[in-house]
Each structure stands twice: as structure tokens, then as C-alpha cells.
Amino acid sequence: LAMVAASSKPVLVFGVGARHLSSAVRSLVEQVGVPVLTTYRAKGLVPDSWPTMAGMVSGATMEAPILDAADLIVFIGMDSVEFFPGPWPYSAPVVSFSAWHEDSEYAPIALEAVCDLEPTIALIADRFPATQWAPGAGRAHFDAEVARAATERRVWAISADDPTASTATVPSVLREGDVTVTVSTGGRDRKSTRLNSSHIPL
């Protein structure tokens, strides 16, 4: 917790181990106001419409700008199987709070605490520092990455802030004349899942 308290630009990353703790997680996120990422198995734990929500982390590229800017990456309930395999490219130290020991070498964990997550999340909230993140930095990152994906990959993202409304992401391949459209509901397609809007854990 001392590393968390000493940081100035921490990023919170929630994994599958936290998905049953939505009340504690959302209380923490609302209190501290720093950018938040979730894995695809924890998507919806923090609503995508919140100003802190920076999108998904998977070991791909969409999360890179926000993690490059961090001075501490805080894993909560993380399981390394939730990442695409590959080298960990970020220089900020990683601290991990989880109910299990993580023996993967995927991310270089500087400090690991195997703990009961719910009271630990409350302790993290109590010791969280004032940070240098601008208000809404998480959402600004998410919106910028969606816009970039729409331009570079020709992805149309249909989202809604109303949690009762259905949402979809339509990756499309456009060519002169006909239009070929594919639709993904998320599931096994992490690329599409990263752009879908969620308000509750999927």
C-alpha cells in the first residue's frame, strides 16, 4: 500500500478476481478518480460511461497510451491468462492484489499481496493519494482510442449511455459498391469486446 500512496499517476486494472465485488470496486473508482482498465472477463465491472473508464486491457495496443503515462500500475484480481501472450512493454512498476498467487512471468510484478480483496480495496481507498491525472483522463483516452480504431480499422462503434439499451460494435469492411458487414456480440472476440459499452459485468 505504500507504493500506492507514493504514486502520482496510478492506473487501476481490474481482473476476473474482482468481478464479484462491484460495489466495493465502484466505490473505490468513484472516490479516487484515476483511469481504470478492466480485462475482458471483468468488463462491465466499471460502467463504460464513467469518466474514469479508460477501456479494456488485454496485452494489445489500445491500453498502451494510458499505461505508458502511468507511474504505477495496480492490478486488482488479475489473472495473467486474461492477456494476449507477448512481452510486457511498460516501465511503470506493477503491484498486484489478488486472492491467489500469480506465478506467471508475463508482467513483472514488483510487489504482490495475496489477500481478501474486499477489505483490501477499502484499505486502498483510504490510502490513495491525490494524483496528477486530469479529470476525465480515462474517458478521454477511451474516446481517442475508439476514434483511432474507427479510422484505422474501419470499425463502427454503436454505444449508449442508457444501460437498458442494447449496444453493438460492427467491424465493417467497406469497398466500392457492396458493403460487407460482420457483427460480433463480444464473447470470444476481444477486439470487438473492447469497443462494446457495458454497465454491468458481462
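Start by selecting Phe-75, Phe-83, Trp-88, Tyr-90 and Tyr-106, which ring pairs link into a cluster. Here rings of Phe, Tyr and Trp (its six-membered ring) pair if their centres lie within 6.5 Å; planes under 30 degrees apart count as stacked, over 60 as edge-to-face and the rest as tilted.

Before moving on, a word about what is on your screen. This is a predicted model, in which local features need pLDDT of at least 70 and side-chain atom pairs count only at pLDDT 80 or more, while totals for chains, interfaces and linings use all residues. Residues are numbered from 1 along each chain as its sequence is written, and side-chain values use heavy atoms, leaving out hydrogens and water.

**Stop 1: the rings**

A search of the whole structure finds six aromatic pairs. Zoom in on Phe-83 and Trp-88: their ring centres are 6.0 Å apart and their planes stand at 85 degrees, so this pair is edge-to-face. Phe-83 counts as buried at 6% relative accessibility, and Trp-88 counts as buried at 14%. (Buried means under 20% relative accessible area, exposed over 50%, and partly exposed in between, with a 1.4 Å probe and protein chains only.)

**Stop 2**

Next, select Glu-102, in the loop between S5 and strand S6 (109–114). Helices (H or I, at least four residues) and strands (E, at least two) are DSSP runs, numbered from the N terminus. Glu-102 is buried yet has no salt bridge, and the nearest side chain of opposite charge, Arg-41, is 9.4 Å away. For charge, Lys and Arg count as positive and Asp and Glu as negative; His and the chain ends are not counted. A salt bridge is a side-chain nitrogen of Lys or Arg within 4 Å of a carboxyl oxygen of Asp or Glu.

What joins the side chains of Glu-102 and Ser-80? A polar contact of 3.0 Å does. Such a contact is a pair of N or O atoms within 3.5 Å; within protein, one must be able to donate a hydrogen and the other to accept it, and residues adjacent in sequence count only if both atoms are side-chain atoms.

Now select Glu-112 in strand S6. Glu-112 is partly exposed, with a relative accessible area of 27%. Its side chain reaches the backbone nitrogen of Glu-102 at 2.7 Å and makes a polar contact with the side chain of His-101 at 2.6 Å. Glu-112 and His-101 are eleven residues apart along the chain, with their C-alpha atoms separated by 7.8 Å.

**Stop 3: helix H4**

Colour residues 117–127, helix H4, where Leu-117, Thr-120, Ile-121, Ile-124 and Ala-125 are buried. They cover an arc of only 145 degrees around the axis, which puts them on the same side of H4; the arc is that of the directions from the helix axis to the C-beta atoms. The buried residues of H4 pack against helix H1 (2–6), helix H2 (22–32), strand S4 (72–76) and strand S5 (94–98), where contact means heavy atoms within 4.5 Å.

**Stop 4: the salt bridges**

How many salt bridges are there? The count comes to three. One joins Lys-43 and Asp-48, whose closest N and O atoms are 2.8 Å apart; both residues are buried.

For another, go to helix H5 (residues 137–152), where Asp-143 and Arg-139 lie four residues apart, about one turn of the helix. In their salt bridge, the closest N and O atoms are 3.0 Å apart.

Finally, select Arg-148 and Glu-145, which form a salt bridge with closest N and O atoms 2.6 Å apart. Arg-148 is partly exposed at 24% relative accessible area, whereas Glu-145 counts as buried at 8%.
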